[in-house]
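Biologist: Could we go through this structure together? I would like to begin with the strands and then turn to the aromatic rings.

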Amino acid sequence: MNTDERYLHLLSTTYPTIADAASEVINLEAILNLPKGTEHFLADLHGEHEAFIHVLKNASGNIKRKVGEIFGTTIRESEKKELCTLIYYPEQKLELIKAQEEDIDDWYHITIHQLVRVCRDVSSKYTRSKVRKSLPPEFSYIIEELLHERPDDQDKAAYVAVIVDTIITTGRADDFIVAICNVIQRLAIDQLHILGDIYDRGPGAHIILDTLRQYHSWDIQWGNHDMLWMGAAAGNDACICNVLRLSLRYANLATLEEGYGINLVPLATFALEVYGDDPCTEFIPKLLRDDGHLDEKTLQLTAKMHKAITVMQFKTEAQIFHRHPEWGMEDRCLLEHIDFDRQVCIIGGKEYEMKSCHFPTVVPPSQGGGGALTEEETALMQKLHHSFRVSEKLRKHIRTILSHGCMYNICNQNLLFHASVPLNDDGTLKDVEIMGHRYQGRQLMEYIGQLVRSAFQNDTPQEQKSYARDYFLYLWCGKDSPLFDKSKMATFERYFLTDRDTYHEEKGNYFRLRDSQEVCDRILDAFGVKGQWSKVNGQSTPRHIINGHVPVHAGAGENPIKAGGRLMVIDGGFSEAYHKETGIAGYTLVYHSRGFQLVQHEPFTSTQDAIMRGTDIKSTTQIVEMSTHRMLVADTDKGEELRRQISELKDLLYAYRHGIIKEKRS
């Protein structure tokens, strides 16, 4: 007996008798032999809430595939499409059907039986206990009975028929259909992994987070755009300015104003006063949506607000960069390097022509000025800071991101992170200095996770809290940030310099070397990820890195599978801003009991189209890697935990049977 006797006494309070402990061993041993649950991996959602929610509802096309397999040629393709749309959007679809269907009771009979068949299929890999926990309380008993009784069983046919009849005659058919459709959606995905970047560009990051707060099982690996909003919520003024600039750049104010109640009136008033006569040509927002066209007056106001906050961003960033010379980012304080008389910016000793030098709030360096905020900008910054800090919903969403995530995760031999692991030129792990200490690889990710959390804790020493608050900016744009990993963020250059060569951002060594099998294996070893790319007992036990961040140019033939299958990059560009660049609208990686499948999505039209016309996201599935055997729970991290529990319970049984611990019979 290996288990500590004190722990066995504690365990005996849950399993007080031999019968209790033995029953649990039997239960856990049985669970080990169930098929592995389906994991879905998504990255870089960027506020595209409609596409994200639809992918959740259709389980990346998995529900459509199951409907096709279950019903085959027994029903028409149009009927399969209608059934799928009903499963995805039951409330809305029911209203349309009831307005069109002449014999609604007949439709109810047929549809309920069809939905039960689909639900039976998606629930087949789970224990009855787990399925029961997924059922809505009001229909739990009824759904469970229908799932485990078949109408083709002559002895039970009448029993099943009466249940369905009674659902209809008591006027509960609509509620039942909605309930079972939601159960199908829930059981189709066992675990959801979000590999960062919920925020920015699209209009519905707050809607995505509201959805995730209600979701049954998910985790997140923080992305650079998430970190920007976390910094804003923590009170980093440079992060606040960046958040506002990106929102104005894409004319996307819905998340700020409707989602979080951020008051932008002071910024609009300031922009009109200071930049009223400036056409702000470089700051005209990018309009991505057909329905997103703004009238000329709104367009001009948005551009002026955009310029106002951008100048404030460069000033607040410079304050932080000067405060932390150890970051080596003072060369990014470019407002301080403008020669206003000759209209050039001096970078690295070289002069570059400016597109415009109209900066009414910037005192030229030749006149003793620098990057300080004016009195009016300081007052505006205080108002914006207050607005972010008092937003209860923003605080709630940031708490959700903190509680469900960190910088990385290891799950079932897969290492998940958003962007990169800083590397040296030779592919070895790079030391990164933070607060006088050096970290690399796993230790770097873990320390950053602790530092980020410390910015939100009341018991954090003030010096560390101030540093942590500033460090959000480094995580957003620092050269050795695992969330950025580029030579610079060329925001200033894109807005103000005519030389397009200055726009180039040199990617870090991770992106240069990530197609190397040796480098990927080195990273996996450093993080302690089990498994290897070899044959063990006749079975393959591969391990993988899965990340996003950099859009995959699928339209140009780029392969998201790299390093001989060790690395999977799944940012295919959910954001509409990337669709022309990538040629697709995102990837979902699906890991089920038979292996990995990469689902490539075409752009989603709209939820309204999906409901009215039954349109679905067109998806192409690529088999990435199939297991040599059907993976069971025993093959997963959960299986390892269950085996540990079984061992402890067997030690408890030994203790009971040898009188070391007495049974607690009632």
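Modeller: Strands here are DSSP runs of E of at least two residues and helices runs of H or I of at least four, numbered from the N terminus. This is a predicted model, in which local features need pLDDT of at least 70 and side-chain atom pairs count only at pLDDT 80 or more, while totals for chains, interfaces and linings use all residues. Residues are numbered from 1 along each chain as its sequence is written, and side-chain values use heavy atoms, leaving out hydrogens and water.

Biologist: Which strand is joined to β17, and over how many bridges?

Modeller: Strand β1 (residues 39-42) runs antiparallel to β17 and is joined to it by three bridges; pairing requires at least two DSSP bridges. F41 stands opposite L589 in β17.

Biologist: What sits over the ring of Y591?

Modeller: The charged end of K36 does, 3.9 Å from the ring centre. The rule asks for NZ of Lys or CZ of Arg within 6 Å of the centre and within 35 degrees of the ring normal.

Biologist: Turning to the rings, how are F283 and Y495 arranged?

Modeller: They are stacked, 4.6 Å centre to centre with 15° between the planes. Ring centres within 6.5 Å make a pair (Phe, Tyr, or the six-membered ring of Trp); planes under 30 degrees apart are stacked, over 60 edge-to-face, the rest tilted.

Biologist: Why does that pair tie together separate parts?

Modeller: Because F283 lies in the loop between α16 (265-275) and α17 (296-323) and Y495 in helix α22 (residues 491-496), the pair ties together parts 212 residues apart in sequence.
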